[in-house]
Amino acid sequence: MQVDTVLVPVDGSEAAMDAVEYATAIAERYEAGVHAVYLVAENAGDAMANGDISAASVAERAESIMATVRTLAGEVPVTHSSACGFSVTRLSQHPGSVILDVAETLDADFVVVPREPVTGDPEAVIEKAAEYVLAHASQPVLSV
């Protein structure tokens, strides 16, 4: 199996950071890179749309999370992006579909997704995605 890009969605949760460690291990094994996609929480997306918070503050949170991702990845090359996990104008957009869209766009060879318990925390975006990604991904998926 050839792996060039390992995709890992992150939302700042402990489970997502654990997934980064697994993604890094896979990337090391296959001499690949890691792409971390930060999924913006539903409430943050709505708050930006309403002008309640600035895009800069969301970007600061994303960069803070990515700094942790880069630290965990060590020598493994890391790229990153951000995406809204939900949309009020596009009803079919949810975290699982966003992760798979990013995987397709990047031509990712492997996806590592945290399998988080449903906590109800509005910042825990990825907890709603694991089952969808496992059911619909066209590439290998590791759920941790």
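Select Met 17, which lies in helix H1. Helices here are DSSP runs of H or I with at least four residues, strands are runs of E with at least two, and both are numbered from the N terminus. At 12% relative accessibility, Met 17 counts as buried. Buried means under 20% relative accessible area, exposed means over 50%, and partly exposed is in between, with a 1.4 Å probe and protein chains only. Now show what surrounds Met 17: apart from residues up to four places away in sequence, Met 17 touches Val 10, Gly 12, Ile 65, Thr 68, Val 69 and Leu 72. Contact means heavy atoms within 4.5 Å. Ile 65 is 48 residues from Met 17 along the chain, and their C-alpha atoms are separated by 9.0 Å.

A note on the model: it is predicted, so that local features need pLDDT of at least 70 and side-chain atom pairs count only at pLDDT 80 or more, while totals for chains, interfaces and linings use all residues. Residues are numbered from 1 along each chain as its sequence is written, and side-chain values use heavy atoms, with hydrogens and water left out.

Stay in helix H1 (residues 14-30) and select Thr 24. Thr 24 is buried, at 5% relative accessibility. Leaving aside neighbours within four places in sequence, Thr 24 has contacts with Val 34, Leu 72, Ala 73 and Val 76.

Next, colour the whole protein by secondary structure. There are five helices and five strands, and along the sequence they follow the pattern β-α-β-α-α-β-α-β-α-β. Of the 144 residues, 44% count as buried. Among contacts between residues at least 6 apart in sequence, 73% join residues at least 24 apart. The protein exposes about 7,300 Å², and carbon and sulfur atoms supply 51% of that area; accessible areas come from the Shrake-Rupley method with a 1.4 Å probe, and for residues only the protein chains shown count as cover.

In what order do the five strands of the open sheet stand? The order is E3-E2-E1-E4-E5, with parallel pairing. The edge strands are E3 (78-84) and E5, each of which pairs on one side only. From one strand to the next, the twist averages 20°. Two strands pair if DSSP finds at least two bridges between them. Strand E4 (residues 110-113) and E5 run parallel and are joined by three bridges.

Helix H3 (residues 55-73) lies across strand E1 (5-10), strand E2 (33-40) and E3, and runs at about 150° to E2. Helix H4 (residues 95-106) packs on the sheet, touches E1, E2, E3 and E4, and makes about 145° with the direction of E2. Axes are lines fitted to C-alpha atoms, for helices over the stretch in contact, and angles run from 0 to 180 degrees between N-to-C directions.

Now look inside. In soluble globular proteins, nonpolar side chains tend to be buried together. A nonpolar core is a set of buried Ala, Val, Leu, Ile, Met, Phe, Trp, Tyr and Cys residues joined through side-chain atoms within 4.5 Å. Select Val 6, Leu 7, Val 10, Tyr 38 and Val 69: of the 41 residues in the largest nonpolar core, these touch the most other members. E1, H1, E2, H3, H4, E4 and H5 each supply at least two residues of this core, and H1 gives the most, with seven residues. Centre on Val 6: leaving aside neighbours within four places in sequence, Val 6 is in contact with Ala 23, Ile 26, Ala 27, Gly 33, Val 34, His 35, Phe 110 and Val 112.

Move to the loops. Glu 31 is in the loop between H1 and E2, and Asp 107 is in the loop between H4 and E4. Are these two residues buried or exposed? Glu 31 is exposed at 75% relative accessibility, and Asp 107 is exposed with a relative accessible area of 59%. Most residues other than glycine have a negative phi. Glu 31, not a glycine, has a positive phi of about 50°, and phi of Asp 107 is positive as well, near 60°.

Finish at Gln 139, in the loop between helix H5 (130-136) and strand E5 (141-143). Gln 139 is buried, with a relative accessible area of 13%. The side chain of Gln 139 reaches the backbone oxygen of Ala 108 at 3.3 Å. This is a polar contact, a pair of N or O atoms within 3.5 Å; within protein, one must be able to donate a hydrogen and the other to accept it, and residues adjacent in sequence count only if both atoms are side-chain atoms. Beyond neighbours within four places in sequence, the contacts of Gln 139 are Leu 100, Ala 103, Ala 108, Asp 109, Phe 110 and Val 111.
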